[in-house]
Amino acid sequence: MLIKNFFISLSQNQLLNSLAKKYGTKLGARTIIAGTNIEEMIQSVKELNHHGISATVDNLGEFVFVKKEAIEAKKQIIRVIEAIYNNNADAHISLKPTQLGLDINYDFCLNNLKEIVEVASNYNIFINFDMEDNSHLQSSFDLIDELSNEYNNIGTVIQAYFFQSEDNIKKYKNYRLRIVKGAYKEPENIAYQDKKDIDRNFIQLIEYHLLNGKYTSIATHDHHIINHVKKFVKENNITKEKFEFQMLYGFRKDLQLQLASEGFHFCTYVPFGSDWYGYFMRRLVERPENINLIFRQAFNKRTNILIGIGVGAILLGRHSKKSK
Ligand SMILES: Cc1cc2nc3c(=O)[nH]c(=O)nc-3n(C[C@H](O)[C@H](O)[C@H](O)COP(=O)(O)OP(=O)(O)OC[C@H]3O[C@@H](n4cnc5c(N)ncnc54)[C@H](O)[C@@H]3O)c2cc1C
């Protein structure tokens, strides 16, 4: 818990974020980020497609408070949609409403999203609204409700740690839903804290949507959950067309390939761009061992959390000396 809290506080550090943007790829972020530009991302997606794996592409960035940045993000996402179409890639989009201005103004964000969803709809490309922390939960669902009046190429995420997800999975059962455990630190009056409770609710939500809902994306690296789902779909005669497994780019690659080769629909979450710091820090909060993935490439040997902390501290020290 101490380590988790440590990484959560690091994840909110603006200084480390800007340093990560500068030095990130040198430190090995490329292992978990599919490039910094659209060309590299498309190449990564095509490689996945070659193995029978589809992709959900995330133009990295979140918690944007400047209108100009939100507009640039919108334009970039539209360029991504066009690149997916022009390259005939098997991919759709994942986006975060806070990158499109949800913290600036609700209507401004809605209009940005409308433009994106409209372009995607013309190309028959699906848009998934990632779910962020609880302070954006209701407004994100409101955006989805409004956009659903005009478009049917959208879906979202249900986070198993929230008590209210049981109601939401029923309310949104006619949507394509990604079901996850939940990646943010949430207070105990609204969210389960204990892994056992989160796992139990995760399984219940998955089973409900598999039996009653539209398409289900089961997004987890947890082989216990995956094995449970495999058994459940078999027992309930749920066909492979009704669901897919999802994992993040660079994580458990062997298992990704194995599931695809077993004939399951598999979709990899493909983040790209330079704004990778918050994304990566959440991966450390979930599983501190993930530090190995990124630093292994930089140091060419097995490393541990201490190295990550050390590098962060050195970079921070260097920067503060410079700025003095
Ligand atoms: C495709 C995708 C999209 C997501 N979208 C969102 C979102 O929109 N909003 C949100 O809040 N969260 C999102 N998440 C994050 C999610 O909520 C979890 O925080 C994250 O997936 C960690 O939980 P887990 O189920 O993967 O397994 P964990 O609970 O982290 O791990 C359970 C067990 O699985 C095994 N395991 C896990 N990872 C590994 C590994 N790398 N190598 C070996 N074994 C491993 C270990 O045995 C571990 O004990 C997303 C996750 C994925 C995969």
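**Before starting.** I'm reminding myself that this is a predicted model.

**The strands.** I started with the barrel. Eight strands close it, in the order β1-β2-β3-β4-β5-β6-β7-β8, and the pairing is parallel. I looked up the twist too: from one strand to the next it averages 30°. Then I picked one pair to follow. Strand β3, residues 127-129, runs parallel to β4, and three bridges join them. Within this pair I found F129 standing opposite T156 of β4.

**The ligand.** Next I asked myself which residues are closest to the ligand. They are D130, V180, A183, T220 and H221, out of 21 residues that surround the ligand. Two elements give two or more residues to this shell: β4 (154-159) and β7 (243-248). I noted that β7 gives the most, with three residues. Sorting the shell by class, I get 10 nonpolar, five polar and six charged residues.

**The helix pair.** Last, I went to α8 (residues 195-212) and α9 (residues 223-235). Their axes come within 11 Å and cross at roughly 30°. Angles under 35 degrees count as roughly parallel, so I'm writing α8 and α9 down as roughly parallel to each other. Their crossing is right-handed. Who meets whom here? On the α8 side I listed F202, I203, I206, E207 and L210, and on the α9 side I225, H228, V229, F232 and V233. By class, this contact has eight nonpolar residues, one polar and one charged.

Note on methods
Residues are numbered from 1 along each chain as its sequence is written. This is a predicted model: local features need pLDDT of at least 70, side-chain atom pairs count only at pLDDT 80 or more; totals for chains, interfaces and linings use all residues. Axes are lines fitted to C-alpha atoms, for helices over the stretch in contact, and angles run from 0 to 180 degrees between N-to-C directions. Helices (H or I, at least four residues) and strands (E, at least two) are DSSP runs, numbered from the N terminus. Angles under 35 degrees count as roughly parallel, over 145 as roughly antiparallel, 65 to 115 as roughly perpendicular and the rest as oblique. A crossing is left-handed if the near helix is turned anticlockwise from the far one by less than a right angle, and right-handed if clockwise. Two residues are in contact if their C-beta atoms, placed from the backbone, lie within 7 Å. Ala, Val, Leu, Ile, Met, Phe, Trp, Tyr, Cys and Pro count as nonpolar, Asp, Glu, Lys and Arg as charged, and the others, Gly among them, as polar. A residue is near a molecule or strand if its C-beta atom, placed from the backbone, lies within 6 Å of it. Two strands pair if DSSP finds at least two bridges between them.
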